[in-house]
Amino acid sequence: MITIQKVQIADAETLLSFSRKTFYEFFAHLNDPANMEAYASVAFTSQSMLEQINNPDSAFYFALYEDDIVGYIKLNFNTAQTEFKDNNALEIERIYVSGEHHGKYIGKQLLDFAIDIARNKQFDYVWLGVWEHNFKAIGFYEYNGFKAFSSHEFLLGDDRQVDLLMKRDL
């Protein structure tokens, strides 16, 4: 069992470090190093992280196992959503669990946490984007009731990639 704790401004550098670590852990071996670095140099900065944490329509949560950070999730509401800006929806923009903790149902607990928040707010659905080549994640989301309904481009450096947009009605 994990503990889920809201990320505070004082945790910004810890979140930044963990975010960068997990992003590289899962995608570096599948992408050109120059494109990874081009994306990371913009996405993983202290200023960007502080802006996101300070956004009242976004929330980050750490997954803690025995006081160690083992994962995190970023939720977007209202205008912070990257696509639809639907007041009756919750976007899961990021959900990462460090590789050494895969298979411990941490991702499932984070996903259930997000769905519970959406239900408590009486939202219509939860949605997210996932790289079309991340078959393990796509299978995980499908197993948990998400269905692909659209797609969009994601620019990693100068590499145009496709994210599937998936949603789960509540």
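## Working through a predicted fold

Strand β4 (residues 89–97) supplies the largest share of the lining of the largest pocket, 7 residues. This is a predicted model, where local features need pLDDT of at least 70 and side-chain atom pairs count only at pLDDT 80 or more, while totals for chains, interfaces and linings use all residues. Residues are numbered from 1 along each chain as its sequence is written, and side-chain values use heavy atoms, with hydrogens and water left out.

A word on elements before we start: helices (H or I, at least four residues) and strands (E, at least two) are DSSP runs, numbered from the N terminus.

**Exercise 1. Describe the largest pocket: its volume, its centre and its lining.**

Step 1: On a 1 Å grid over the protein atoms alone, a pocket is an open set of points where a 1.4 Å probe fits, with protein on both sides within 12 Å along at least five of seven lines; lining residues have an atom within 4 Å of a point. Points are joined across faces, edges and corners, and the volume is the space filled by probe spheres set on them.

Step 2: read off the volume, which is about 1,400 Å³. There are 50 lining residues, and F27, I95, Y96, N134 and Y141 are the closest to the centre.

Step 3: sort the lining by class. It comes to 26 nonpolar, 16 polar and 8 charged residues. Here Ala, Val, Leu, Ile, Met, Phe, Trp, Tyr, Cys and Pro count as nonpolar, Asp, Glu, Lys and Arg as charged, and the others, Gly among them, as polar.

**Exercise 2. Work out which residues of helix α5 (residues 135–143) are buried, and what covers them.**

Step 1: set the cut-offs. Buried is under 20% relative accessible area, exposed is over 50%, and partly exposed is in between (1.4 Å probe, protein chains only).

Step 2: pick out the buried set, A137, I138 and Y141. These residues span an arc of only 100 degrees around the axis, so they sit on the same side of α5. (The arc is that of the directions from the helix axis to the C-beta atoms.)

Step 3: find the cover. The buried residues of α5 are covered by elements including β4, α4 (106–120), β5 (125–131) and β7 (159–169). Just after α5, G145 has a positive phi of about 90 degrees.

**Exercise 3. Take apart the largest nonpolar core, then follow F146 and M166.**

Step 1: define it. A nonpolar core is a set of buried Ala, Val, Leu, Ile, Met, Phe, Trp, Tyr and Cys residues joined through side-chain atoms within 4.5 Å.

Step 2: Of its 28 residues, I73, L75, L90, I92, Y141 and F146 touch the most other members. Elements giving two or more residues to this core are β2, β3, β4, α4, β5 and α5, and α4 provides the largest share, 7 residues.

Step 3: trace F146. Leaving out residues up to four places away in sequence, F146 touches L111, I115, V126, W127, L128, Y141, M166, K167 and R168 (contact means heavy atoms within 4.5 Å).

Step 4: move on to M166, in strand β7. M166 is buried, at 0% relative accessibility. Its C-alpha atom is separated by 4.1 Å from that of A148, 18 residues apart along the chain. Among the residues that M166 touches are V130, I138, Y141 and F146.
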